[in-house]
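Dear colleague,

I am handing over the structure we spoke of, and below it you will find notes on what was found. Please read them with the model open beside you.

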Amino acid sequence: MNLADMSIKEIRLTIEKMDEVPKDFLQLLKEDQRAGVQAMARQQEAAIARQEKLASMWKEMTLYERALREKGHVHLIGVDEVGRGPLAGPVVACAVCLPEDFYLPGLNDSKKIPVATREAFYEVIVRDALAVGIGIVDAARIDEINILQATKEAMKNAIDNCGLNPDACLIDAVQLTGLSCVQVPIIGGDAKSVSIAAASIVAKVTRDRMMANYAKEYPEYGFEKHAGYGTAEHLSAIARFGSTSIHRRTFTGVKEQA
């Protein structure tokens with residue numbers, strides 16, 4: 001291909017049609033003396049570097065999954081929860097079984113991903129996962145058994161609701177009793193395992209949508225903004241209007257970050 005015979009617009013259109021820019025084509029871009037083509041070369045180099053970084057990150061975040069599959073485990077379920085810290089609303093857990101060839105570069109702890117990306121990732125995970133289960137424990141139950149036990153209950157319910165008997169469960173931070181399969185508790189697992197990260201995304205989006213619905217029922221509290229966490233706005237609303245049926249009576253009101 002002779003780029004000298006092509007206009008900058010034609011080169012740009014050619015690149016847009018490519019799924020991936022080949023190295024030899026990138027080299028031609030770099031050798032072209034036109035400023036516009038040079039700019040495209042820099043853009044493509046930056047994009048390739050980003051993709052390579054994401055691919056490397058993905059490889060690191062599949063270490064646990066690959067190790068379990070090497071031991072013969074097939075159905076691996078990642079488990080995570082959202083909502084341990086809020087003053088209001090449920091704790092929501094998710095259990096996700098991803099196919100072995102699943103690839104979603106950029107997947108990470110839900111708290112580290114922008115809202116729009118999180119929503120897009122949610123759709124991909126729910127569409128492509130082999131199984132997805134949700135466990136929800138409400139504020140009254142949290143007050144009854146404490147937040148740690150409520151978290152474990154939500155996680156067990158999520159596993160039960162996924163409709164799949166797991167060979168192994170990768171769980172963020174906690175150890176569950178009563179599981180018949182291998183379990184691997186991982187501290188900070190939502191940033192170390194793609195299975196747990198996927199569960200984190202689904203749990204977060206599910207809970208945020210629930211809190212947005214609660215905001216329609218209790219518009220004074222701003223649940224659609226802070227999802228029940230102890231922000232200044234939320235604490236002010238509690239002081240003015242009191243608690244609702246979804247507030248946790250045993251929580252102190254110490255400010256937490258959403």
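To begin with the helices, α1 and α3 are roughly parallel to each other, a term kept for angles under 35 degrees, while over 145 counts as roughly antiparallel, 65 to 115 as roughly perpendicular and the rest as oblique. Helix α1 (residues 8-16) packs on helix α3 (residues 35-61) at an angle of about 20°, and their axes are 10 Å apart. Axes here are lines fitted to C-alpha atoms, for helices over the stretch in contact, and angles run from 0 to 180 degrees between N-to-C directions. In this packing Ile 8, Ile 11, Arg 12 and Ile 15 of α1 meet Gly 36, Val 37, Met 40 and Gln 44 of α3, where contact means heavy atoms within 4.5 Å.

As to provenance, this is a predicted model, in which local features need pLDDT of at least 70 and side-chain atom pairs count only at pLDDT 80 or more, whereas totals for chains, interfaces and linings use all residues. Residues are numbered from 1 along each chain as its sequence is written, and side-chain values use heavy atoms, with hydrogens and water left out. Helices (H or I, at least four residues) and strands (E, at least two) are DSSP runs, numbered from the N terminus.

Turning to the sheet, it is open and has 5 strands in the order β3-β2-β1-β4-β5, with mixed pairing; two strands pair if DSSP finds at least two bridges between them. Because β3 (131-137) and β5 (182-186) stand at the edges with a single partner strand each, one side of each is left without a neighbour in the sheet. Strand β1 (residues 76-82) pairs with strand β4 (residues 168-172) in the parallel sense over 4 bridges, and Ile 77 has Cys 169 in β4 as its bridge partner. By contrast, β2 and β3 pair in the antiparallel sense over 7 bridges, with Ala 93 standing opposite Gly 135 in β3.

With kind regards
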